[in-house]
Amino acid sequence: MTSLTSSTIPALLKELEHQAADEIAIVFQQKDQDKLLTYAELVRRSAVYCRAFEQAGIASGEPVIIILDHRLELISAFFGAVLHGAVPAIMPFLTEKLSPERYRESLGSLIEITEPSALVTYRDFQDEIDKIELSGSSLRSILYVEDQPASVEWDWTEAAGLNSQPEDIVLLQHSSGTTGLQKGVALSHQAILNQLEAYSSALNLTGMDVIVSWLPLYHDMGLIAGFLLPILLRVKLVLMSPFEWVRAPYRLMRAVSEHGGTLTWLPNFAYNFCTKKIRDRDLEGVDLSTWRAVINCSEPMRWESHEMFLSRFESYGLQASALATCYAMAENVFAVTQGGIEAPLLVDEVRRSSLSGERAARPGSADEDTVKVLSAGPPIANTEIRVIDDEGRPLPERAIGEIALRGDSLLSEYYKRPDLTAKSVSNGWYKTGDLGYMYRGELFITGRAKELIIVGGKNIYPQDLEAIVDEIPGVYPGRAVAFGIFNEAIGTEDVAVVAEHDEDSQAETDLIVRQIRAAIATGSDVTARYIQIVERGWLIKTSSGKNARAANKEKFLLEFGT
Amino acid sequence: MQTEIKEFIQREILKDSGRDIASDEALISSGLIDSFSLVDIALFVEESYGVRIDDAELSTETFDTLAELAALVEQRR
């Protein structure tokens with residue numbers, strides 16, 4: 001493993017190419033055969049894009065948007081932008097279910113806020129791009145993958161990114177949906193390298209580790225833990241496509257077995273998914289004993305999910321000690337805490353009622369209704385955590401409050417959104433909007449202050465779904481709420497929508513339900529599980545007329561159950 | 001067979017037995033069945049009819065409606 005002597009990512013890549021030219025950086029799993037990418041080849045391929053940005057007249061520090069599938073070109077275009085000193089933002093590619101109109105809208109709003117100079121995509125996507133109103137926009141150049149040469153004569157003197165300063169922004173991370181795309185988390189070289197240093201130490205990472213990932217690169221967990229961390233620290237990475245994993249989850253186990261994988265990050269739902277959707281036949285000969293940490297991260301972590309995963313894969317060599325957790329967010333580059341590496345995960349059994357009512361996690365006894373809360377671990381070395389009350393005062397152990405953090409891997413800003421930046425960061429403390437408590441120096445997450453819905457690790461803003469529902473004829477404008485309901489069986493949240501409509505007939509109600517379902521499916525990254533039509537006046541609004549999602553969720557569960 | 005597959009989708013994927021699915025209704029491209037449930041269909045078809053649908057085939061290029069799925073299974077039996 002490399003110790004970090006360089007202070008920018010391009011300089012580190014140069015160092016890696018020099019020291020480890022022929023070493024495998026990425027085993028890129030494709031349908032038919034693995035593609036082995038050495039550091040030299042990684043740089044060679046990225047140089048093609050570095051040159052392309054140069055020729056397109058893109059200046060250092062200018063954002064570029066990359067819209068590519070999980071293929072090799074995505075990696076080359078990303079690092080090409082970094083080598084050139086441009087600031088890449090990876091946006092998910094259009095999926096089958098998403099309506100092109102809605103996608104164009106999202107892309108349009110991303111372009112408006114981010115003001116990118118260039119966009120990298122496929123020729124196939126040209127028709128879509130042509131339909132976006134680009135006159136007057138910042139975009140000067142569309143680079144098509146198909147137009148790029150296989151290789152170029154290039155040397156490091158062309159890497160304008162080498163002139164970057166540690167505090168310069170190196171990349172932007174977005175979450176999905178209209179709201180997420182307007183909130184680009186801007187990260188500096190320094191913040192990322194600080195994170196890698198602190199996090200690798202929390203993981204006891206060594207050059208003997210092998211990281212196996214199927215996570216998408218447009219998500220912080222995929223981009224940092226499942227991509228930059230191994231590549232930049234010279235730890236072998238086995239990378240597969242999320243598109244293929246979701247259709248064949250056994251591929252993860254096979255890859256771990258075949259390559260001696262030691263570390264993998266998974267969102268909670270994936271524990272349930274792997275447990276239930278892998279045939280024994282597809283696991284023949286699989287050995288998972290090399291896995292030293294399977295790290296649950298990016299959505300609420302459930303003890304039950306760990307238990308089912310362990311009992312399903314124990315006979316294939318999975319060790320109980322491998323179950324680990326992490327609390328992470330793009331705003332801190334990635335990890336805030338890490339649990340289950342040095343010692344088995346702490347499980348705190350507390351009274352269920354105390355989590356919502358008393359605002360303090362009280363230990364429960366056997367005859368009470370309790371819930372097992374998994375520790376997210378102690379903070380990593382460069383990050384300080386505080387649990388604070390509504391006035392920002394630090395709370396004692398076991399008291400539930402908002403989690404705030406401070407450290408040297410925090411975001412530089414929400415890109416071109418000084419309003420949002422000012423709201424979230426004060427005196428160096430970033431308020432996460434998540435709720436939790438501290439116990440024995442470890443963090444336990446209990447909920448979210450922000451009414452975010454997390455489905456399969458993907459952050460979904462309820463207001464985006466509500467805006468979609470609002471457009472359905474028959475739904476009273478502004479009278480729809482969306483929220484998430486945790487589903488024990490699948491280990492993640494289901495999306496629920498309640499909308500007001502004066503029922504004229506059952507047939508009409510059914511039609512509206514169908515329209516809402518279709519509009520959410522094609523207009524967002526999720527599908528709605530519960531759609532409830534209610535009469536005018538059912539929804540609770542706050543005194544300011546704002547949407548009271550938590551109150552409406554409670555009312556929905558009480559009246560309709562699930 | 002189409003009815004059996006339909007009932008499976010209603011019961012296990014949509015969790016809504018009252019939701020009828022027309023045989024030519026788009027399942028995948030409409031978002032009715034999301035990507036997380038595609039593997040359920042493959043597992044069900046294999047268990048019920050002994051027909052394996054390869055991972056790579058779980059996309060609209062292979063089937064998008066009940067009729068197309070049933071035809072695919074029939075053809076491989």
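Predicted model: local features only at pLDDT ≥ 70, side-chain atom pairs only at ≥ 80, totals over all residues.
Two strands count as paired here if DSSP finds at least two bridges between them.

**Stop 1**

Select β25, β26 and β27 of chain A. These three strands make an open sheet, ordered β25-β26-β27, with mixed pairing. At the edges are β25 (480-487) and β27 (528-534) of chain A, each of which pairs on one side only. Averaged over the sheet and with direction ignored, neighbouring strands are turned by 25 degrees against each other.

**Stop 2**

The axes of α15(A) and α16(A) come within 9 Å and cross at roughly 130 degrees. Angles over 145 degrees would count as roughly antiparallel and those from 65 to 115 as roughly perpendicular, so α15(A) and α16(A) are oblique to each other. Their crossing is right-handed.

To see the contact, show side chains A:Leu465, A:Ile468 and A:Val469 on α15(A), then A:Ile516, A:Ala519, A:Ile520 and A:Gly523 on α16(A). Sorted by class, this contact of α15(A) with α16(A) holds six nonpolar residues, one polar residue and no charged ones.

**Stop 1**

Move to strand β1 (residues 24-29) and strand β2 (residues 34-38) of chain A. They pair in the antiparallel sense over five bridges. Within the pair, A:Ile26 is placed opposite A:Leu37 of β2(A).

**Stop 2: the helices α2 and α3**

Select helix α2 (residues 39-55) and helix α3 (residues 72-84) of chain A. They pack at an angle of about 60 degrees, and their axes are 7 Å apart. That angle makes α2(A) oblique to α3(A). The crossing of α2(A) past α3(A) is right-handed.

Which residues of α2(A) meet α3(A)? On the α2(A) side, show A:Leu42, A:Arg45, A:Ser46, A:Ala47, A:Val48, A:Tyr49, A:Cys50, A:Ala52, A:Phe53 and A:Glu54. On the α3(A) side, show A:Leu72, A:Ser76, A:Ala77, A:Phe79, A:Gly80, A:Ala81, A:Leu83 and A:His84. The contact of α2(A) with α3(A) has 12 nonpolar, four polar and two charged residues.

**Stop 3: the domains of chain A**

Zoom out and colour chain A by domain. The domain assignment gives domain 1 (9-150 + 161-241), domain 2 (343-448) and domain 3 (453-560). Between domain 1 and domain 3 of chain A, the C-alpha centres are 34 Å apart. Their contact draws 11 residues from domain 1 of chain A and 12 residues from domain 3 of chain A.

On the domain 1 side of this contact, select helix α6 (residues 177-181) of chain A, which gives the most, with four residues. That side of domain 1 of chain A, where it touches domain 3 of chain A, has two nonpolar, seven polar and two charged residues.

**Stop 4: chain A against chain B**

Finally, show both chains. Their contact takes 15 residues from chain A and 16 residues from chain B. Coloured by class, the side of chain B that touches chain A shows eight nonpolar, five polar and three charged residues.

Conventions. Residues numbered from 1 in each chain as written. Chains lettered and ligands numbered in written order. Domains from an automatic or database assignment. Contact = placed C-beta atoms within 7 Å. Helix = DSSP H or I, 4+ residues; strand = E, 2+ residues; numbered from the N terminus. Nonpolar A, V, L, I, M, F, W, Y, C, P; charged D, E, K, R; others polar. Axes fitted to C-alpha atoms, helices over the stretch in contact; angles between N-to-C directions. Parallel < 35°, antiparallel > 145°, perpendicular 65-115°, else oblique. Left-handed = near helix turned anticlockwise from the far one by under 90°.
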